[in-house]
Structure formats: structure tokens, C-alpha cells
Amino acid sequence: MTYLRLWLLGCVVLLTAGAAARGADPPPAPDAADVQALAAQIDKYIAAAWASAGVQPAPLADDAEFLRRVYLDLAGRIPSVAEARAFLKDPSPDKRLRLAERLVESPRYVTHWTNVWRGILLPEASANIQARLLMPSFEAWLREKLAANVGYNELVRELLTVPIDRSGIEVVYGPRREAGSALAYYLAKEASPENLAAGVARVFLGIRLECAQCHDHPFATWKREQFWGLAAFFAGIQRDRQGDFAFPRREVADKRELTIPGTERVVQATYPDGTQPVWRFKVSSRQTLADWLTSRKNPYFAKATVNRLWFHFFGRGLIDPVDEMVGGESEATHPELLDELAREFAAHQFDLKFLIRAIVASRTYQLTSAATHPSQQDTRLFARMPLRGLTPEQLFDSLSQATGYQEAAPRNPGVVVLGGPMSPREEFLSRFTNQSDRPTEVQTSILQALSLMNGRLIADATDLERSETLAAVLDAPFLDTRERIETLYLAALSRKPRPNELERLLKFVENSDGEDREKARRQALADIFWVLLNSGEFFLNH
């Protein structure tokens with residue numbers, strides 16, 4: 001049986017390789033014309049770069065490829081069979097735009113982008129078991145903000161100015177954690193001025209300022225005093241330490257300086273661009289920093305955000321790496337486009353959904369991932385959609401969708417016990433946390449591959465006695481063998497089998513033999529489903 005599955009896996013890989021190749025009001029809903037106008041601008045700048053470099057871009061992705069991609073990017077999972085059938089049968093010329101709009105307004109958008117932003121803002125949670133305690137509270141806070149579609153500037157402002165007091169800590173660690181609090185951000189970074197400065201600089205400004213934490217680098221743009229000048233905005237946070245945990249206790253609002261560790265040099269809080277803050281009486285230095293950072297006049301904030309979103313959809317930024325936008329060796333591949341996106345993002349009150357809608361509506365986003373010309377190999381030109389690995393959350397949720405798996409509700413919702421048993425989802429995610437930060441360079445480890453091939457989730461999903469999806473497909477009296485194979489393809493790959501795939505798999509099923517021929521055919525269909533779930537096409541966003 002193992003040999004048979006591996007043979008099938010090889011067949012499908014060969015057949016599918018080519019295709020896989022603050023409490024403020026939310027921003028007003030963007031006008032569809034504004035979305036389309038920005039999408040057209042994206043395509044104009046990208047096309048100009050193609051013309052300059054003599055690039056022949058790839059054609060548009062077909063409906064099935066676009067369907068799976070947009071579900072993964074906006075909803076964090078593949079579509080159901082019913083969703084795939086409905087979209088593929090829809091003859092409307094605007095169905096892609098309507099689908100993207102529906103997904104952006106769906107609960108799955110909130111769930112998926114909570115995962116995305118938690119991973120960006122709280123990366124410690126994926127590598128530090130203690131930081132796992134902070135996830136429920138922080139995710140609850142993020143979910144509330146994303147569901148209300150607050151402006152990204154307001155989300156960041158609230159994150160940077162969250163009150164430092166004991167009641168906030170009780171929300172993070174206590175039974176009210178589902179109320180949500182941004183204070184987890186400070187706890188994860190041990191309320192350390194240097195950790196906070198490094199995180200703020202990388203995510204909100206797109207600069208790797210911590211490289212200058214210990215000394216001036218002879219070839220770097222950023223100097224040691226600039227790093228500690230940013231850290232000084234957090235100097236008023238007083239901490240208590242209990243074992244390995246550091247807790248912010250209170251804040252001295254007027255403290256705006258600190259001494260560089262190991263020296264006697266005192267540094268005043270200063271913006272990274274060298275400008276001096278205008279201080280206000282009894283106003284927290286963090287508030288002053290938030291006012292500057294989220295301002296439309298900030299030279300970094302909007303650009304850093306749109307560059308990071310571009311990275312999410314294309315696997316690389318317009319400036320890459322995304323946290324070395326200033327002071328690094330890379331320059332913008334499309335500087336006019338980066339400026340245009342940042343300008344429109346700010347003009348639309350930092351509305352994340354507006355920016356996402358425009359990117360997805362662009363022709364650039366909708367290109368196929370299959371290489372059709374040698375000139376498409378330079379990923380900096382975005383002449384085709386690059387293949388991207390799925391995040392652990394996308395992979396688990398897509399497997400669950402394809403197989404009909406439903407995780408049992410926890411006995412004590414919101415309670416995390418260090419060293420305690422993990423749920424199947426938590427255990428799965430923990431095995432895939434070592435993936436590359438670059439979605440275009442993800443490699444599956446041997447342990448991960450074995451977990452997917454022989455783990456309980458897929459084993460149950462392809463077992464004739466336990467699989468809900470297989471039971472629904474195999475026991476449907478109105479489906480013949482051809483239609484059953486088609487349904488398994490739609491469940492796993494969101495597309496129908498190609499003629500050559502269907503022909504070979506029909507022969508495989510029909511030629512299956514044993515003491516009980518009907519059972520042998522059912523087992524053959526289960527093996528096909530196993531192969532599809534273990535194929536590279538399933539593990540990639542293309």
C-alpha cells in the first residue's frame with residue numbers, strides 16, 4: 001500500500017508540476033472607483049518596468065488558480081467544494097472582484113489577518129513557550145480592531161499608548177483575557193526599552209535599527225545614538241522581574257532620557273530622522289512618539305506598511321528585505337509605485353482593506369505562477385506570481401477544510417497551561433514554526449513531511465472508516481467514478497482534474513482488484529485523496 005501511494009504521489013507531482021510552477025471610527029468604505037484607480041496605477045508602474053527590462057509577462061491565472069490564491073491570501077484557507085463549484089460555474093465577468101470583496105468582509109478575513117498581524121507584531125510567541133501565554137489576550141485585541149476595520153494608524157497608536165498598570169496585566173494573564181489587551185506587546189518584549197525600540201523600528205518604520213544597539217557600524221546608516229534615542233521614548237516604563245518574567249509596573253510620563261548601558265552617556269528621546277520632539281506637560285513620551293510615528297508626514301510609516309503588505313501578497317517587498325527599507329543595501333524596484341501606494345494608503349485614512357482590495361484587483365496579482373518565458377525569472381519584476389509556501393495556520397486550516405476535520409472545543413477556553421497538553425492544532429503549528437521568514441523559500445523538513453504523510457490528521461482523512469470527506473464522496477449515489485475523482489480534486493486542489501490526470505486515475509480505480517472489488521475501488525479513491533493532500537500543489541500558494 002505504501003508503495004502504491006508513493007507511485008501515485010509521483011504521478012500527480014509530474015502531472016501537476018507545470019501548474020504549480022484608538023476607539024476611533026473606522027475609515028469610510030472605499031469607493032469602488034478608488035480601488036480600481038489604484039489597481040490601474042499598480043499595473044501601470046509594473047508594466048513600465050516590464051517594458052524597460054524587455055519582459056514578457058505571464059498570462060492571467062485561470063479561475064481555479066485565482067480562486068485558491070485569493071482564498072489563501074484573504075481567508076487563510078482553501079475554498080470548500082461548494083465554494084469552488086459556485087465560482088467556477090459563475091460566468092460573470094466581475095466575479096473575481098466580487099469574490100475578493102466578499103472575502104474581505106467575511107469572518108475568515110478577521111481570523112486570518114489576526115494570525116498575520118500577530119505573527120508580525122508578536123513573533124516571540126512562535127519561539128518562546130512563555131510568550132504563548134500572551135497570545136489569547138493579544139489576538140482578542142487584534143481581532144476586535146480588525147473586525148471594526150479601524151485605521152492602521154489608530155491600531156498602532158493604541159498599541160504604543162496602552163496604559164501601563166496592574167489591571168492591564170490582570171487582563172492579559174487572568175480569566176478576562178478574552179477581553180483583549182495590547183499590553184501583551186510590552187510583556188512579550190519584557191517592557192525593555194531596547195526590545196521595544198527594535199520592534200517598533202522594524203515593523204512600523206521598516207528599519208533594522210537594533211544593528212546599531214552596541215556600536216556604530218562603519219558602513220551602516222544608523223548610529224548607536226539614534227537607536228538609544230528611540231529607546232528613550234520607553235524609558236519611563238518601570239519594571240518588576242519575577243524569575244524569567246519581566247512585568248511593566250507603572251510609567252513615569254515625563255521621563256525622556258536614558259543612559260546607554262555600559263557607558264555614562266545620557267541620550268535624550270529623539271526621532272530616528274533626527275527631528276526633536278515637541279514635549280507636552282504630563283503627556284507620556286510614548287504618546288508623543290505615537291503622534292509622530294502615525295502622522296501622514298512621517299517619512300517611513302506608510303511606506304513600511306504598504307511594503308509589508310506587498311510582501312504578503314507577492315513573497316517579496318518593493319524594497320526587500322522589508323525591515324531594511326532605509327540603511328540597507330536594497331533599493332526600491334518600483335519607487336514610484338511605492339510612493340503612490342503610500343500616498344493613497346494615507347489619503348484613505350490608513351485603511352488596510354482599501355489597500356488589500358486594490359492589490360488583489362490588479363492584473364499583476366492575477367498573473368499565473370506558471371513560467372511561460374525566460375524573462376519572467378527575475379522576481380523583482382513581478383512578471384508572474386511566485387510560488388509561496390503556506391503558513392502553518394494556512395496549512396492546518398486548509399487540511400481541515402479539505403478533510404472535514406473539526407477540532408473539539410477546549411475544556412477551558414482561553415486557558416493556556418505551560419507544559420500542559422496541546423490541542424491537535426497547537427501541536428501541528430508547533431511542528432511547523434521553523435519555516436523560513438521568506439514564503440518563497442519554505443522547505444519542508446523530514447519530520448514535517450513524515451507528519452503530513454503519516455500523521456493522524458491525514459491518516460484519518462483518508463481512512464475509509466473515519467473520513468468525513470471520503471464518506472460523503474464515496475457514498476453519494478448520484479456520483480460516478482469520474483465525478484468522485486473530480487470532487488476529491490476540488491476538495492484538495494480547488495480545481496478539476498486535467499484530462500490526462502483523469503484518464504490515468506480512472507484506469508487506476510477501475511483496474512483496482514481484490515477479493516472485494518468494490519472495496520478495492522473505494523480504497524483506490526482514498527489513496528488518490530491521500531496523494532492529493534500530500535502533493536506539492538497542495539502545500540503551495542500559486
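Me: Where is the place of serine 284?

Reply: In this predicted model, serine 284 sits in the loop between strand E4 (266-268) and helix H13 (285-293).

Me: Why is serine 284 called buried?

Reply: Its relative accessible area is 15%. Buried means under 20%, so serine 284 counts as buried.

Me: What makes the pairing of serine 284 with glutamate 251 a polar contact?

Reply: The two side chains are joined at 3.0 Å, and the cut-off for a pair of N or O atoms is within 3.5 Å. The side chain of serine 284 also reaches the backbone nitrogen of arginine 286, at 3.0 Å. Not counting residues up to four places away in sequence, serine 284 touches Glu251 and Ala253.

Me: Why is glutamate 407 called partly exposed?

Reply: The relative accessible area of glutamate 407 is 30%. Buried means under 20% and exposed means over 50%, with partly exposed in between; glutamate 407 is therefore partly exposed. This residue lies in the loop between helix H17 (392-403) and helix H18 (424-431). Glutamate 407 and arginine 425 are 18 residues apart in sequence, and their C-alpha atoms are 7.7 Å apart in space.

Me: How do you know that asparagine 534 is buried?

Reply: Asparagine 534 has a relative accessible area of 8%. The limit for a buried residue is under 20%, so the term applies to asparagine 534. Its place is the loop between H24 and helix H25 (536-539). A polar atom of its side chain lies 3.0 Å from the backbone oxygen of tryptophan 530. The C-alpha atoms of asparagine 534 and isoleucine 458 are separated by 8.8 Å, although these residues are 76 residues apart along the chain.

Me: How is the packing of helix H23 and helix H24 described?

Reply: Two packed helices are described by the angle between their axes and the distance between the axes. For H23 (residues 499-510) and H24 (residues 517-533), the angle is about 145° and the axes are 8 Å apart. Leu505, Phe508, Val509 and Glu510 in H23 meet Arg517, Arg521, Ala524, Leu525 and Ile528 in H24. By class, this contact has 6 nonpolar, no polar and 3 charged residues.

Me: What makes helix H8 mostly covered?

Reply: In H8 (residues 152-161), 8 of its 10 residues are buried. Among them are Tyr152, Leu155, Val156 and Leu159, and also Asn153, Glu154 and Arg157.

Me: Which residues have the most contacts inside the largest nonpolar core?

Reply: They are Val70, Tyr152, Tyr186, Phe204 and Trp310, in a core of 115 residues. Apart from this core lies another, of 37 residues, which includes Leu390, Leu474, Val531 and Leu532. In soluble globular proteins, nonpolar side chains tend to be buried together.

Me: With which residues is tryptophan 310 in contact, leaving aside its neighbours within four places in sequence?

Reply: Tryptophan 310 is in contact with Ile42, Ile46, Gly315, Arg316, Gly317, Leu318, Leu337, Leu341, Ile359 and Phe382.

Me: Why does phenylalanine 382 count as buried?

Reply: Phenylalanine 382 has 2% relative accessibility.

Me: Why is asparagine 149 called buried?

Reply: Asparagine 149 has a relative accessible area of 13%. As the cut-off is under 20%, asparagine 149 is buried. Asparagine 149 is found in the loop between helix H7 (135-147) and H8. Asparagine 149 is not a glycine, yet it has a positive phi of about 50°.

Me: How do you know that asparagine 307 counts as buried?

Reply: The relative accessibility of asparagine 307 is 0%. Under 20% is the requirement, so asparagine 307 is buried. Asparagine 307 belongs to helix H14 (residues 301-314). Not counting residues up to four places away in sequence, it touches Gly317, Leu318, Ile319, Val322, Met325 and Leu338.

Me: Where does proline 321 lie, and what kind of peptide bond joins aspartate 320 and proline 321?

Reply: Proline 321 lies in the loop between H14 and helix H15 (335-347). The peptide bond is cis, with omega about 5°.

Terms used: Residues numbered from 1 in each chain as written. Predicted model: local features only at pLDDT ≥ 70, side-chain atom pairs only at ≥ 80, totals over all residues. Heavy atoms only, no water. Core = buried A, V, L, I, M, F, W, Y, C linked by side-chain atoms within 4.5 Å. Buried < 20%, exposed > 50% of the residue type's maximum accessible area, 1.4 Å probe, protein only. Contact = heavy atoms within 4.5 Å. Axes fitted to C-alpha atoms, helices over the stretch in contact; angles between N-to-C directions. Helix = DSSP H or I, 4+ residues; strand = E, 2+ residues; numbered from the N terminus. Nonpolar A, V, L, I, M, F, W, Y, C, P; charged D, E, K, R; others polar. Polar contact = N/O pair within 3.5 Å; in protein donor to acceptor, adjacent residues only side chain to side chain.
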